[in-house]
Every structure is written in structure tokens, then in C-alpha cells.
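Reader: I have a model on the screen and would like to learn how to read it. Could you take me through it feature by feature?

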Amino acid sequence: MEDLNCIVYVSSAIRPLAVPELEALLVSARQFNDEVGVTGVLLYHDGTFFQYFEGPTEGVTQVYARIRASRSHHAIYELLNTKIKARLFPNWLMGASNVTSSLLLNLARAEWHASIQQVADLPEVPNEGLALLTSYWKSCGYGP
Ligand SMILES: Cc1cc2nc3c(=O)[nH]c(=O)nc-3n(C[C@H](O)[C@H](O)[C@H](O)COP(=O)(O)O)c2cc1C
């Protein structure tokens, strides 16, 4: 079985990003993610980022290093860093969405540390944060 890992964090943009800047960031991110087999989603609201990414442990480690080295944001606060059995966003090199502040707040406050050993058995995700994230993504009509 593939050795999969996921990481979830929130961070603060150094300054509010204009749409073209966010798009440029995503182009660079998706290109690298494609090379190392990483998928996930990035949510943004008024200077706050929330990101979930997943993939082979090696790829996730490399992406995390790029993210932490980025001067576009700071105050990276890790919510989850764990092994998973299956991908939640297999079709998204890095999906992106502008969201409300209340969704970001709810995601940041959700329980993330409960076991996610059963992630393969979706939609029964036994983790409040992941359940909230996947149900938001589905509600947008984006699917997995
Ligand atoms: C919120 C955020 C999310 C990012 N996500 C990814 C990612 O998924 N994959 C990746 O390779 N790089 C990611 N990066 C890094 C950027 O693609 C890019 O390398 C970086 O923004 C360029 O460096 P700079 O921001 O210091 O100019 C991310 C950066 C930020 C700020």
C-alpha cells in the first residue's frame, strides 16, 4: 500500500493577496505538487490561509518545506500531521476557494487530532475537521 501522509495548517498572509498573486502562487504550487504526487485544497479569506495537502511522505515533506520557506505568509499553525489510508482529494493538484471567515474559524477550531485511521472508509470520516472540510468541498459541487 502507498505510504500516504497529510498535513493541515492555518497561516496569515504577510499582506492581503490580490487575485493574480494568489493565482501565480497556485500555478507554482500545482506544478510542484504534480511532480511529487501531492494533492489537496487551499482555502483563503482576507489574509488567512487554510491548507490541506496529502501524498507520499517524501512529496509531502518537500511541499511542506516549500510552504514553510515562503515569504508570502507567516504564523504557520499546524492542525494535523498524520498518516492516512487513502486520499481525500485525489483529483486536485491544489484546489482553491475563497471562503467566509466563519468557515475558516470553524475549521481552525475543529477537532483535528482524533484518529483518522478510517479515512479510507469515506464518507465516515471520524475527524471533525476533515468531515467539515470534505462536506464544504462537496457542497461547492467540486466532489472529491
Ligand atoms: C498559502 C501557501 C500555500 C502554498 N502551497 C504550496 C503547495 O501546495 N505546493 C508547493 O509546492 N508550494 C506551495 N507554496 C509555495 C509557493 O508555491 C511558492 O513556492 C512560494 O509562494 C514562492 O515563494 P515566496 O512566496 O516566498 O515568493 C505555498 C505558499 C503559500 C504561501
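Predicted model: local features only at pLDDT ≥ 70, side-chain atom pairs only at ≥ 80, totals over all residues.

Reader: What share of the residues of the chain count as buried?

Author: Buried means under 20% relative accessible area, exposed over 50%, and partly exposed in between (1.4 Å probe, protein chains only). Of the 144 residues, 43% count as buried. Accessible areas come from the Shrake-Rupley method with a 1.4 Å probe, and for residues only the protein chains shown count as cover. The accessible surface of the chain is about 7500 Å², and 54% of that belongs to carbon and sulfur atoms.

Reader: What do the contacts say about separation in sequence?

Author: A contact means heavy atoms within 4.5 Å. Among contacts between residues at least 6 apart in sequence, 78% join residues at least 24 apart. Leucine 79 gives a case: its C-alpha atom is 5.2 Å from that of tyrosine 9, 70 residues away along the chain. Leucine 79 sits in strand E4 (residues 73-84) and counts as buried because its relative accessibility is 6%. With neighbours within four places in sequence set aside, the contacts of leucine 79 include Val8, Val10, Phe50 and Trp112.

Reader: Which residues of helix H4 are buried, and which are exposed?

Author: The general idea comes first. An α-helix has 3.6 residues a turn, so residues three or four places apart point the same way. In H4 the buried residues are Gly129, Leu130, Leu133, Thr134, Tyr136 and Trp137. They lie on the same side of H4, because they cover an arc of only 155° around the axis; the arc is that of the directions from the helix axis to the C-beta atoms. Glu128, Lys138 and Ser139, on the other side of H4, are exposed. The partners against which the buried residues of H4 pack include strand E2 (39-45), strand E3 (48-56) and helix H3 (101-109).

Reader: What about the buried residues of H3?

Author: In H3 they are Leu103, Leu104 and Leu107. Their arc around the axis is only 100°, which puts them on the same side of H3. The buried residues of H3 pack against E2, E3, E4 and H4.

Reader: What span should helix H4 have?

Author: The expected span is 1.5 Å times one less than the number of residues. For the twelve residues of H4 (residues 128-139) this gives 16 Å, and the end C-alpha atoms are 16 Å apart, which agrees. At the start of H4, a side-chain oxygen of asparagine 127 comes within 3.0 Å of the backbone nitrogen of glycine 129.

Reader: How many residues surround the ligand?

Author: A residue is near a molecule if one of its heavy atoms lies within 4 Å of it. The ligand is surrounded by 17 residues, and Asn33, Arg66, Ser70, Arg71 and Ser72 are the closest. A polar side-chain atom of asparagine 33 is 2.8 Å from a ligand nitrogen atom. An N or O atom in the side chain of arginine 66 lies 2.5 Å from an oxygen atom of the ligand. The protein covers 85% of the 610 Å² of accessible area that the ligand has on its own.

Reader: Is asparagine 33 buried or exposed?

Author: Asparagine 33 is buried, with a relative accessible area of 3%. Its place is in helix H1 (residues 19-36).

Reader: Where is phi positive in a residue other than glycine?

Author: Most residues other than glycine have a negative phi. Aspartate 46 has a positive phi, near 40°, and is found in the loop between E2 and E3. At 62% relative accessibility, aspartate 46 counts as exposed. Alanine 75 also has a positive phi, near 50°, and is found in strand E4.

Terms used
Residues numbered from 1 in each chain as written. Heavy atoms only, no water. Helix = DSSP H or I, 4+ residues; strand = E, 2+ residues; numbered from the N terminus. Polar contact = N/O pair within 3.5 Å; in protein donor to acceptor, adjacent residues only side chain to side chain.
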